Amino acid sequence: MRVVSLLPAATEIVAALGATAWLVGVSHECDWPPAVRTLPRVTRSSLDASLSSAEIDARMAAATREGVAPVTIDRDVLARLAPDVILGQSVCDVCAVGESQLAAVIAHIPDPPGVVTLHAHDLAGVWSDMARVGEALGLRDEAEELTAGLRYRLSSVTTNHAPRTTHPRVLVVEWVDPPYIAGHWVPELVAAAGGVDVAAQPGDRSVTRPWSALRTLTPDVVVVALCGFDVARARCEVAAVTDPDARALLAQARVVFLDGNAYTSRPGPRLVEGTELLAELIGG
């Protein structure tokens, strides 16, 4: 089996199923597990990741207005790899190849590979995506075992920590300029970690809201888990925010940082590890 993954979550799912050796190509952002870092890159981004949050947002808005895809497929590399299965997604066209772009590329392949599209917006969708990948790779039993284990770990997070008399009010921010509230599966992670998400419901899309509105939510804890950024980068981005309401909010609440790139932005197996870390962070 020859598998190409176009997004990090799919790569991590394949690895968790014990099929890392079947991966022959991955996206430009795939970095986990470490073994995939030497694989050919099938996608590339026109975006400079060193730009500030505001600059990245502006570039993405311009690309949307102009109808330009920020992430593209290297057709020559894909043709050379000749995969049996391609793992794609339909959740976000900002940091990964979208469903329509992939379909257009596949249409020009004489003997097209099978395509598995991941489209989770909540935890139930994440488990379904894992089952879908397992089915496509002939690893149905492994996928069932994987999801059962992850769901058990998730259900055990709060019992593995000291009992709480109250549940902290939690605000999870996945971008700071402009501010975006983390949606999709993140509210469920907060609940599993023993908190109450004050800004989003499970399955909600991530949306932007002004700092003034976020301040009125009076969270006990602000979790900064920036999409695609690690903790060090997130700290730099927060330090650069000058909005008065943002500074007031960050002064009033307890602020903690979680690696959004590894633990909240990727709908794969490490969401559970992220929840375990989140429980420690919001528990103080």
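What follows is a short chat about a few helices and one proline in a predicted model.

Colleague: Before we start, what kind of model is this?
Modeller: It is a predicted model, and local features are described where pLDDT is at least 70.

Colleague: OK, how do the axes of α5 and α6 cross?
Modeller: Helix α5 covers residues 123-136 and helix α6 covers residues 140-155, and their axes come within 7 Å of each other while crossing at roughly 155 degrees. Angles over 145 degrees count as roughly antiparallel, and α5 and α6 are therefore roughly antiparallel to each other. The crossing of these two helices, α5 and α6, is right-handed.

Colleague: Which residues of α5 and α6 meet there?
Modeller: From α5 the contact takes in L123, W127, M130, A131, G134 and E135, and in α6 these meet R140, A143, L146, T147, L150, R151 and L154. Sorted by class, the contact of α5 with α6 has 8 nonpolar residues, along with 2 polar and 3 charged ones.

Colleague: And α6 with α12, are they parallel or antiparallel?
Modeller: The axes of α6 and α12 come within 9 Å and cross at roughly 10 degrees. Angles under 35 degrees count as roughly parallel, so α6 and α12 are roughly parallel to each other. On the α6 side the contact is made by L150, R153 and L154, while α12 contributes V272, E273, T275 and E276. Those residues divide into 3 nonpolar, 1 polar and 3 charged.

Colleague: How many residues does α12 have, and which of them are buried?
Modeller: Helix α12, residues 270-283, has 14 residues and reaches 20 Å from its first C-alpha to its last, which is close to the 20 Å expected at 1.5 Å a residue. The buried residues in α12 are R270, L271, V272, G274, T275, L278, A279 and I282.

Colleague: Switching to α2, what is buried there, and what covers it?
Modeller: In α2, which spans residues 53-66, the buried residues are S53, I56, M60, A62 and A63. Their cover includes strand β7 (169-176) and helix α9 (231-239).

Colleague: Last one, where is P112 found?
Modeller: P112 is found in the loop between α4 (99-106) and β6 (114-118). With a relative accessible area of 43%, P112 is partly exposed.

Colleague: And how far apart are P112 and P83?
Modeller: In sequence P112 and P83 are 29 residues apart, whereas in space they are 8.7 Å apart, C-alpha to C-alpha.

Notes:
Residues are numbered from 1 along each chain as its sequence is written. This is a predicted model: local features need pLDDT of at least 70, side-chain atom pairs count only at pLDDT 80 or more; totals for chains, interfaces and linings use all residues. Side-chain values use heavy atoms; hydrogens and water are left out. Axes are lines fitted to C-alpha atoms, for helices over the stretch in contact, and angles run from 0 to 180 degrees between N-to-C directions. Helices (H or I, at least four residues) and strands (E, at least two) are DSSP runs, numbered from the N terminus. Angles under 35 degrees count as roughly parallel, over 145 as roughly antiparallel, 65 to 115 as roughly perpendicular and the rest as oblique. A crossing is left-handed if the near helix is turned anticlockwise from the far one by less than a right angle, and right-handed if clockwise. Contact means heavy atoms within 4.5 Å. Ala, Val, Leu, Ile, Met, Phe, Trp, Tyr, Cys and Pro count as nonpolar, Asp, Glu, Lys and Arg as charged, and the others, Gly among them, as polar. Buried means under 20% relative accessible area, exposed over 50%, partly exposed in between (1.4 Å probe, protein chains only). The expected span of a helix is 1.5 Å times one less than its number of residues.
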